Amino acid sequence: MKLYMMSKSQANRLKPNMVAGVIFLIGILAVLGGQLVLNMALTHDAYYLRELNIEKRNLATDVQILQEEVDSLGSPQNLADAANQLGMVANPASVLLDIENDKIYGKPIPADSGRSLLASANLVANSAMVTVSEFSLSTVAASEVEAGVNTETSLGSEVVLASGLIPASPTR
């Protein structure tokens, strides 16, 4: 190791400048501040993304519930009941048409409201029946069919989950 002799002015030139230290310190603080702002923005966006995912899940559940109601209202039972309420009469004499051979199988007779039976009144127990078409007692009285099914009354014993959300079906 060698030692060199220097003058005081040469030693002052080699000594770090106070301005350079302040600039370096300001640069470090700016980088740390930028990192803090970026972290806050990412955290805010993560919470917003979580809210959007929850909303998407809730909307998907609503769509599924509405689709099941539409499917239930589109069931043959409910369609027959709705047609009966509109005054349509079911024709018990079915007739088949063979278009290729120009033949009619069966004897076509007009439908008669006096002879027709009530369609179904949702008599078939169906666990998928979520929504039932409107069915009035006047329709049942007009036809000569006894109503053999009691309407279900709610006892107020509904299942309420602690989370307040509908549980997902394990089959889907």
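The chain exposes about 15,400 Å², and carbon and sulfur atoms supply 63% of that area (Shrake-Rupley method with a 1.4 Å probe; for residues, only the protein chains shown count as cover). Of its 172 residues, 8% count as buried, where buried means under 20% relative accessible area, exposed over 50%, and partly exposed in between (1.4 Å probe, protein chains only).

Before going further, please keep in mind that this is a predicted model, in which local features need pLDDT of at least 70, side-chain atom pairs count only at pLDDT 80 or more, and totals for chains, interfaces and linings use all residues. Residues are numbered from 1 along each chain as its sequence is written, and side-chain values use heavy atoms, with hydrogens and water left out.

Let's turn to the confidence values. pLDDT is the predictor's confidence in each residue, from 0 to 100; its mean over the chain is 75, and 66% of the residues reach 70 or more. Among the elements, helix α2 has the highest mean pLDDT (94), and helix α4 (residues 137–142) the lowest (50). Over residues 144–161 pLDDT stays under 50, and the model has six contacts beyond four places in sequence for them (a contact means heavy atoms within 4.5 Å).

Now follow the chain along its sequence: four helices and two strands come in the pattern α-α-α-β-β-α. These are DSSP runs, numbered from the N terminus: helices are H or I with at least four residues, strands E with at least two. Among contacts between residues at least 6 apart in sequence, 59% join residues at least 24 apart.

Helix α2 (18–73) is part of what covers the buried residues of α3. In α3 (residues 76–85), those buried residues are Gln77, Asn78 and Asp81. Seen down the axis of α3, they fall within an arc of 90 degrees, so they line one face of the helix (the arc is that of the directions from the helix axis to the C-beta atoms). Just after α3, Gly87 takes a positive phi of about 95 degrees.

Back in helix α2 you will find Phe24, which counts as exposed at 58% relative accessibility. Phe24, Leu25, Ile28, Leu29 and Leu32 make a nonpolar surface patch of about 520 Å².

Finally, look at the loop between β2 (103–105) and α4, where Asp112 lies. Asp112 is partly exposed, with a relative accessible area of 35%. Its C-alpha atom is separated by 7.4 Å from that of Asn91, 21 residues apart along the chain.

Notes:
Patches are made of residues with over 30% relative accessible area and no salt bridge: like charges are joined within 9 Å, nonpolar side chains (Val, Leu, Ile, Met, Phe, Trp, Tyr) within 5 Å. A salt bridge is a side-chain nitrogen of Lys or Arg within 4 Å of a carboxyl oxygen of Asp or Glu.
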